[in-house]
Amino acid sequence: MGTETVQVGLGERSYPIVIGSGVLDTVGARLAEARIGRRWAIITDDVVGPLYGGRVAESLGAAGIDCELFTFAHGEASKHLATIERLASDLAERGFDRGDAILALGGGVAGDMAGFLASIYLRGIPFVQVPTSLLAQVDSSVGGKTGVDLAQGKNLVGTFYQPRAVFIDTDVLRTLPGEEFRGGMAEVIKYGASIDADFFAFLERERPAIEALDPAAIVPMIRRCCELKAGVVERDEREGGLRRILNFGHTIGHAVEAASGYHLIHGLAVAIGMRAVAELARRSGVAEPEVVAAITRMLEAYKLPTVIPADLDRARIRRYLQADKKSIGGRVFFVLPEAIGRVRITDQIDPADLEAVLAAS
């Protein structure tokens, strides 16, 4: 199967998303042709690095490109400013300059951190994304959001900084732990539930092939997610309004994730968040019960959680909600489903309805 390309149209900052089997081994040749940087810093974690770091470095070397590998401890716990400072110091120690570039290799954490580092190192050097998790392939590697966490909440320090290219190899999903694949599917379902009802139906119809990682289903699934996100980013790059629809399930999901001490991985928290805002929409009179039922059935079909764990401190969840980076003037905005494929963004939520949703377990 050949590769497919989705273009993110942002004028001079437009870039391609290349999707297909075996893409990893072509990264070096593609970068050589693009002439983006003289030398590349491959930023990855200590799990993905041993799996794919050498392979990517070999691809670059075969194309005559010098590169060095820099790793950090895997997991959300590394996603903070201290890790960025250490990596920046490592780059400076190794003499990386404005003619060089960064390659983000890994899941959402690696992509967010490497992109943030690229945006601030020497006031900005080029970077590309090579996402290795489903969640990163369909969501976080596209659109230019970068950042790190603070104790007060997720992604509170960051930048909008677009990559020069995204290279997605669907083969790497075969080494992805089952929980991580399910977490990625939560982001996939998000696109169908919030933007594209036909895609939602595709996910229901093709579930056996998707779960079997059949390229005939996986490649079009990833492509459609990238097309949908690119379409939103092109119209609202810096989240002035429309791009908020991509946060469907994330406002409550991020609060639940943070309240768990990040023991609950991002995608599973987003699944819980989607079910929660669907129920909030029903209570608010925005959605019919059938919408809640359809979203719940889809999440459960892909073996995703749909309720906030009973042992999570609700007071902590409320504090994290108030600290959400998308709140304005203390107002928290929610993306509520009106129907499958259509959402409404509002801060007009009855506190009693929100409290009922958070209290449920």
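Author: Start at Leu213. This leucine counts as buried, because its relative accessibility is 16% and the cut-off for buried is under 20%. Keep in mind that the model is predicted. Leu213 sits in a loop, between α8 (207-211) and α9 (215-235). Its backbone is worth a look. Phi is positive there, about 60°, although Leu213 is not a glycine.

Now compare another loop residue. Arg123 also has a positive phi, about 65°, and is not a glycine either. Find Arg123 between α4 (108-120) and β6 (127-131). Its surroundings contrast with those of the leucine. Arg123 has a relative accessible area of 76%, so it is exposed. Leu213, at 16%, is buried. Gly285 follows helix α11, and its phi is positive, near 80°.

Stay with α11 for a moment. The helix covers residues 266-283, which is 18 residues. From first C-alpha to last, α11 reaches 25 Å. Most of α11 is covered, with 15 of its 18 residues buried.

Next, the nonpolar interior. In soluble globular proteins, nonpolar side chains tend to be buried together. Here the largest nonpolar core has 82 residues. Those with the most contacts inside this core are Leu134, Leu203, Ile210, Met221, Ile222 and Phe334. Take Met221 from that list and follow its neighbours. Leaving out residues up to four places away in sequence, Met221 touches Leu134, Met185, Val188, Phe199, Phe202, Leu203 and Ile210.

The whole structure holds three aromatic pairs. Phe70 and Phe96 make one of them. Their ring centres are 5.8 Å apart and their planes meet at 75°, so this pair is edge-to-face. The two residues come from distant parts of the chain, 26 residues apart. Phe70 belongs to strand β4 (residues 66-72), while Phe96 is in the loop between α3 (81-93) and β5 (101-106). Phe70 is buried at 7% relative accessibility. Phe96 is buried too, at 4%.

Phe199 and Phe202 form another pair. Their centres are also 5.8 Å apart. The planes, however, are at 15°, so this pair is stacked. Why are these two separated by about one helical turn? They are three residues apart in helix α7 (residues 197-205). An α-helix has 3.6 residues a turn, so residues three or four places apart point the same way.

Rings also meet charges. Arg39 lies over the face of Phe96, 3.9 Å from the ring centre. Lys190 does likewise with Tyr191, at 4.6 Å from the ring centre.

Side chains of opposite charge can pair when their charged atoms come close. The count of salt bridges is 30. Begin with Arg94 and Glu68, whose closest N and O atoms are 3.0 Å apart. Arg94 is in the loop between α3 and β5, and Glu68 is in strand β4, so their bridge ties together parts 26 residues apart in sequence. Arg94 has a relative accessible area of 47%, which makes it partly exposed.

A second bridge joins Arg318 to Glu355, with the closest N and O atoms 2.6 Å apart. Arg318 is in α13 (residues 314-322) and Glu355 is in α14 (residues 351-359), 37 residues apart. Both ends are partly exposed: Arg318 at 33% and Glu355 at 32%.

A third bridge has two unlike ends. Arg344 and Glu338 meet at 2.7 Å, N to O. Arg344 is partly exposed at 39%, whereas Glu338 is buried at 19%. Some bridges share partners, and they join Glu76, Lys79, Asp112, Asp149, Lys154 and Glu257 into one network.

Notes
Residues numbered from 1 in each chain as written. Predicted model: local features only at pLDDT ≥ 70, side-chain atom pairs only at ≥ 80, totals over all residues. Heavy atoms only, no water. Helix = DSSP H or I, 4+ residues; strand = E, 2+ residues; numbered from the N terminus. Expected span 1.5 Å × (residues − 1). Buried < 20%, exposed > 50% of the residue type's maximum accessible area, 1.4 Å probe, protein only. Phe/Tyr/Trp six-rings, centres within 6.5 Å; stacked < 30°, edge-to-face > 60°. Lys NZ or Arg CZ within 6 Å of the ring centre and 35° of its normal. Salt bridge = Lys/Arg side-chain N within 4 Å of Asp/Glu carboxyl O. Core = buried A, V, L, I, M, F, W, Y, C linked by side-chain atoms within 4.5 Å. Contact = heavy atoms within 4.5 Å.
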